[in-house]
Amino acid sequence: MASQQPKKSQPTPATLDGTDLAILAALVEDGRMTNAALAARVGVAESTCAYRVRALRESGVITSINARLDLGALGHPIHALIRVRLGSHSREHVGTLYDRLVNVPGALTVLHVGGTDDFLLHVAVASPEELRDLILEHVTVHPMVRQTETQLVFEVRDGRGVLDR
């Protein structure tokens, strides 16, 4: 298709040196760190640090730096994972549902997965009633959805990640 953008070539892990990995680890820990603080922490000149961060962004290694929100403080204390199984697996149906699920109110993450389920939808809502309504009004209404199963999330912890820290 002519309208698709070519993917940026990402460096292979072998092309990321210790400085790049140190920059990434520091930004994962604190994405708001100034370039000066980052350069000092990594032990390189500020200009070198700025160049490296720009190169990591341009190559697609750094895709974004986000704020982590306390969803409970924002009135959305209930988290759930909604497992979605499809009745039809045509590329068009999968793509259409994927596009719709990412736009569900309260959707935090949508994963297209292999196995028994087809999608995992992580949502945050204000109440059990809102969770029920979200599922009925935004998920099960799609004709390609065969089944859903909802799991409440009691606690979330970050994993170690892929960078040695």
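Visitor: What does contact mean here?
Guide: Contact means heavy atoms within 4.5 Å. The model is a predicted one.

Visitor: OK, what does Leu134 touch?
Guide: Leaving out residues up to four places away in sequence, Leu134 touches Ile82, Val104, Pro105, Val123, Val125 and Val139.

Visitor: Which residues touch the most other members of the largest nonpolar core?
Guide: That core has 19 residues, and Ile82, Val84, Leu86, Leu97, Leu101, Phe119 and Leu134 touch the most other members.

Visitor: Which elements give two or more residues to this core?
Guide: Those are β1 (78-86), α4 (91-101), β3 (119-125) and α5 (128-139).

Visitor: What other core lies apart from it?
Guide: Another core, of 15 residues, lies apart from the largest one; Ile23, Leu38, Ala39 and Val42 are among its members.

Visitor: Switching to α3. What should its span be?
Guide: Helix α3 covers residues 46-58, and at 1.5 Å a residue its 13 residues should span 18 Å. The C-alpha atoms at its ends are 18 Å apart, so the two values agree.

Visitor: Which residues in α3 are buried?
Guide: Cys49, Arg52, Val53 and Leu56 are buried in α3. They cover an arc of only 95° around the axis, so they sit on the same side of α3.

Visitor: And what covers them?
Guide: The cover over the buried residues of α3 includes α1 (18-29) and α2 (35-42).

Visitor: Which residues on the other side of α3 are exposed?
Guide: Ser47, Tyr51 and Glu58 are exposed there.

Visitor: Last one: what follows α3?
Guide: Gly60 follows α3, and the phi of Gly60 is positive, near 90°.

Terms used: Residues are numbered from 1 along each chain as its sequence is written. This is a predicted model: local features need pLDDT of at least 70, side-chain atom pairs count only at pLDDT 80 or more; totals for chains, interfaces and linings use all residues. Side-chain values use heavy atoms; hydrogens and water are left out. A nonpolar core is a set of buried Ala, Val, Leu, Ile, Met, Phe, Trp, Tyr and Cys residues joined through side-chain atoms within 4.5 Å. Buried means under 20% relative accessible area, exposed over 50%, partly exposed in between (1.4 Å probe, protein chains only). Helices (H or I, at least four residues) and strands (E, at least two) are DSSP runs, numbered from the N terminus. The expected span of a helix is 1.5 Å times one less than its number of residues. The arc is that of the directions from the helix axis to the C-beta atoms.
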